[in-house]
Structures are given as structure tokens and as C-alpha cells.
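Please look over the sequence and the fold before reading on.

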Amino acid sequence: MHGRHGAGAAADAVYDLLASFIRLNPRDMSLTSLSALATLDRTGPRRITELAASEGVTQPSVTSLVASLVRAGYVERRSDPADKRVVVIAITAAGSTYLGARRAVTAGVFADAVEELSAEEAAILAAAAPVIERLRDLVEGQRGVARDRK
């Protein structure tokens, strides 16, 4: 961990772990597309502009990405129930299945690695899960603030 301590060491460890997971993923879909699918799965239907903001890419890029995901059957365009003139993008059952399969592969590798941890290490990891989720939310919030400043 590069000789760092405390929060810096934790940040390095999380970064390195994420990089390992990225390398494990099959290359059949871009990371941005995969991230967009995960966002739609987690947050529900979103407008193109909202999806572009959450993924940190331009609206034309998301429009192209969505077109590709629609062709693959992983997302669909729907009318916004609150305003029928507005179109939202929603994950389909096929998209959820695909995302679940991708997560299962990565989770399987992760679970195998966790099995190698001592009972104490596994307990610490389990206790840290809510903190890791909170960290994800904070990072996503910071991305939103950075985009708003542009």
C-alpha cells in the first residue's frame, strides 16, 4: 500500500481492489455501458440527461450508449409516468439478467478470495460493508458536485 497509513492506505487498497475487479470482467461491454446498466438497476428509470450526469459523460455519448443497449435488449425507452412527453431509459429483464450474471462471476471470484481470509479478517470485511456502501454514495455525490462546477 505504498507506505501510506490510515485513510490514504484504505483509499489505495479500495482503488487496487476495484482495478482487480475491472480486469476480471469480460470485455463484451464497455465499462461505461456496464456502469449505466448498474445505475439503472439501482436507481430505476432515468432521463438521458440524468444518466449522462450520473455516469460523468456527455449527453451525445449516453444517447449512443443507450441506442446500443436498446439494440442488445438490455434497456428500453419508456414514457415518464409524471410527464408523457418525457422519455426515460429503463433496464429490461434481459438487462437485469445480464447484469446479475456479470456480478455473479465477479462475486464468485471475490467469494473464493474471501474464503482464504481468516475468520477475523472475514468478520472485519463483513462489518465494513455498510461503510463501503456509504463510501460509494459519497464518491458518487462528489462526482455530481464536480460535474455541477463545470
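This is a predicted model: local features need pLDDT of at least 70, side-chain atom pairs count only at pLDDT 80 or more; totals for chains, interfaces and linings use all residues.

Residues are numbered from 1 along each chain as its sequence is written, and side-chain values use heavy atoms, with hydrogens and water left out.

**Overall chain**

The protein chain has 6 helices and 2 strands. Helices (H or I, at least four residues) and strands (E, at least two) are DSSP runs, numbered from the N terminus. Along the sequence the pattern reads α-α-α-α-β-β-α-α. The C-alpha atoms fill a box of roughly 55 × 35 × 25 Å along the principal axes. Of the 150 residues, 26% are buried. Buried means under 20% relative accessible area, exposed over 50%, and partly exposed in between, with a 1.4 Å probe and protein chains only. Take the contacts in the chain with a separation of 6 or more: residues 24 or more positions apart account for 45% of them. Contact means heavy atoms within 4.5 Å.

**Helix 2 and its partners**

Helix 2 (residues 31–43) packs against helix 5 (residues 93–115) and against helix 3. Axes are lines fitted to C-alpha atoms, for helices over the stretch in contact, and angles run from 0 to 180 degrees between N-to-C directions. A crossing is left-handed if the near helix is turned anticlockwise from the far one by less than a right angle, and right-handed if clockwise.

| Pair | Angle | Axis separation | Crossing |
|---|---|---|---|
| Helix 2 and helix 5 | about 110 degrees | 10 Å | left-handed |
| Helix 2 and helix 3 | about 115 degrees | 10 Å | right-handed |

Helix 2 and helix 5 are therefore roughly perpendicular, a label for angles of 65 to 115 degrees (under 35 is roughly parallel, over 145 roughly antiparallel, the rest oblique). Leu34, Leu37, Ala38 and Asp41 of helix 2 make this contact with Ser96, Tyr98, Leu99, Arg102 and Arg103 of helix 5. These residues divide into 5 nonpolar, 1 polar and 3 charged. Ala, Val, Leu, Ile, Met, Phe, Trp, Tyr, Cys and Pro count as nonpolar, Asp, Glu, Lys and Arg as charged, and the others, Gly among them, as polar.

Towards helix 3, helix 2 uses Thr32, Ser35, Ala36, Thr39 and Leu40, which meet Leu51, Ser54 and Glu55. That contact divides into 3 nonpolar, 4 polar and 1 charged.

Ala36 lies in helix 2 and is buried, with a relative accessible area of 1%. Beyond its neighbours within four places in sequence, Ala36 is in contact with Leu51, Glu55 and Leu65. The C-alpha atoms of Ala36 and Glu55 are separated by 6.6 Å.

Ser33 is also in helix 2. Ser33 is buried, at 9% relative accessible area. Setting aside residues up to four places away, Ser33 touches Leu65 and Leu69. Ser33 and Leu65 sit 32 residues apart along the chain, with their C-alpha atoms separated by 6.4 Å.

**The nonpolar core**

Which residues have the most contacts inside the largest nonpolar core? They are Met29, Leu37, Val66, Leu69 and Val75, in a core of 19 residues. Helix 2, helix 3 (48–55), helix 4 (59–72), strand 2 (83–91) and helix 5 each supply at least two of its residues. Helix 2 gives the most, with 5. Such a core is a set of buried Ala, Val, Leu, Ile, Met, Phe, Trp, Tyr and Cys residues joined through side-chain atoms within 4.5 Å. Leu69 touches Met29, Ser33, Leu37, Tyr74 and Val75, not counting residues up to four places away in sequence.
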